[in-house]
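Subject: Structure handover

Hello,

Here is the structure you are taking over. Please look through it first; notes on what was found follow below.

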Amino acid sequence: MEVLRGVHLIRGEVSNIYLIETGSGNILVDTGTPNDPEKILSYLRTYGLKIELIFVTHAHWDHVGGLKAVKEFTGARVATHVDEAPYIRGEKATRRRFEPVDVDVVLRDGDSVLGLTVIHTPGHTPGSSCLFDSERRMVAVGDLVYEEGGEVHEMLHQYSRDPYMNRESIAKLLLYDFDHLLPSHGNPVLRNGREKLKLLVESFRQPKS
Ligand SMILES: [Zn+2]
């Protein structure tokens, strides 16, 4: 379904997959689990969409499980942050294994891909990154935060490599001007995404009762 003009949400079995149309080609953000490629490809066929690039937010099984199949079927290039690339290539081990895939485009903080900006937001994993679209005022955040009940929450600490670094990354995202926040788990937070993120950052400063 189209959640914003030219921004599609494909619901995977565990996580969300987004397709972002740009003037220079379409970007798929993550590829779900090994069971999701069929759903992704059928969505592409139904709407007559092609993808130029697959942006991988991070190398967790529910985001890259479908990567090999989607890359093979679409011929799209795979792009990810330099600190995440070794996990995707299988040079470094992850908790839950998936089929390794070669990375074609290695990214750094502030890089531009098809007109969108890469924001390095480490913590959940070393190379976790967000993709910021200044024109649409939206950001795809991977597992930096998730949505539930209209609010944004940090991942359970046990799922993140360094949850406190992740908090710093959440605060870093407030430096960007956006309205819509697209998480990998839960619903897109449209219009007040940045406000909701700010509430979360403020909650980090409250002493625990
Ligand atoms: Zn994750």
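**The cavity and the zinc site**

The largest cavity has a lining made up of Thr57, His58, Thr121, His124, Ser128, Ser129, Val141, Asp143 and Leu144. Please keep in mind throughout that this is a predicted model. The space in the largest cavity comes to about 40 Å³, and a search of the whole structure turns up 1 cavity of 30 Å³ or more. By class, the lining of the largest cavity consists of 2 nonpolar, 6 polar and 1 charged residues.

The protein donors of the zinc ion are His58 through NE2, His60 through ND1, His124 through NE2 and Asp143 through OD, and they lie 2.2 Å from the ion. Which word describes the arrangement of the 4 donor atoms around the zinc ion? The arrangement is irregular, because the angles subtended by the 4 donor atoms run from 91 to 169°. A tetrahedral site would need all angles between 85 and 135 degrees.

Along the sequence, the spacing of the zinc donor residues is H-x1-H-x63-H-x18-D. His58 and Asp143 link distant parts of the chain, being 85 residues apart. His58 sits in the loop between β5 (53–55) and α2 (61–64), while Asp143 sits in the loop between β11 (138–142) and β12 (146–148). Are these two residues, His58 and Asp143, buried or exposed? Both His58 and Asp143 are buried.

The largest pocket holds about 530 Å³ of space. It is lined by 20 residues, and the closest to its centre are His60, Trp61, Arg95, His124 and Tyr159. Two of these names, His60 and His124, are also among the zinc donors. The lining of the largest pocket divides into 8 nonpolar, 6 polar and 6 charged residues.

The second largest pocket has a volume of about 180 Å³. Its lining is formed by Leu41, Leu44, Arg45, Gly48, Leu49, Lys50, Ile51, Phe73 and Thr74. Two elements, α1 (37–47) and α3 (67–74), each give two or more residues to this lining. Which element gives the most to the lining of the second largest pocket? That is α1, with 3 residues. By class, the lining of the second largest pocket has 5 nonpolar, 2 polar and 2 charged residues.

**Salt bridges**

Side chains of opposite charge can pair when their charged atoms come close. Over the whole structure, a search finds 11 salt bridges. Three of them are described here.

- Lys68 and Glu72: the closest N and O atoms of this salt bridge are 3.2 Å apart. Both residues belong to helix α3 and are 4 residues apart, about one turn of the helix. Glu72 is exposed, at a relative accessible area of 58%, whereas Lys68 is partly exposed, at 29%.
- Asp133 and Arg136: in this salt bridge the closest N and O atoms are 2.8 Å apart. Asp133 counts as buried because its relative accessibility is 4%, the limit for buried being under 20%. Arg136 is partly exposed, with a relative accessible area of 24%.
- Arg137 and Asp179: their side chains meet in a salt bridge at 2.7 Å, N to O. Arg137 is in the loop between β10 (129–133) and β11, and Asp179 is in the loop between α5 (163–173) and β14 (180–183), so the pair ties together parts that are 42 residues apart in sequence. Arg137 is partly exposed, with a relative accessible area of 29%, and Asp179 is partly exposed as well, with 24%.

There is also a network: salt bridges that share partners join Lys68, Glu72 and Glu99.

Leu131 lies in strand β10. Leu131 is buried, because its relative accessible area is 0%. The C-alpha atom of Leu131 is separated by 11 Å from that of His81, and these two residues are 50 residues apart along the chain.

Regards

How values were computed. Residues are numbered from 1 along each chain as its sequence is written. This is a predicted model: local features need pLDDT of at least 70, side-chain atom pairs count only at pLDDT 80 or more; totals for chains, interfaces and linings use all residues. Side-chain values use heavy atoms; hydrogens and water are left out. On a 1 Å grid over the protein atoms alone, a cavity is a set of points where a 1.4 Å probe fits but cannot get out, and a pocket is an open set with protein on both sides within 12 Å along at least five of seven lines; lining residues have an atom within 4 Å of a point. Grid points are joined across faces, edges and corners, and a volume is the space filled by probe spheres set on the points. Ala, Val, Leu, Ile, Met, Phe, Trp, Tyr, Cys and Pro count as nonpolar, Asp, Glu, Lys and Arg as charged, and the others, Gly among them, as polar. Donors are N, O and S atoms within 2.8 Å of the metal (3.2 Å for Na, K and Ca); water is not among the atoms, so sites may look incomplete. Four donors count as tetrahedral if all angles lie between 85 and 135 degrees; four count as square planar and six as octahedral if opposite donors are over 155 degrees apart and all others between 65 and 115; anything else is irregular. Buried means under 20% relative accessible area, exposed over 50%, partly exposed in between (1.4 Å probe, protein chains only). A salt bridge is a side-chain nitrogen of Lys or Arg within 4 Å of a carboxyl oxygen of Asp or Glu.
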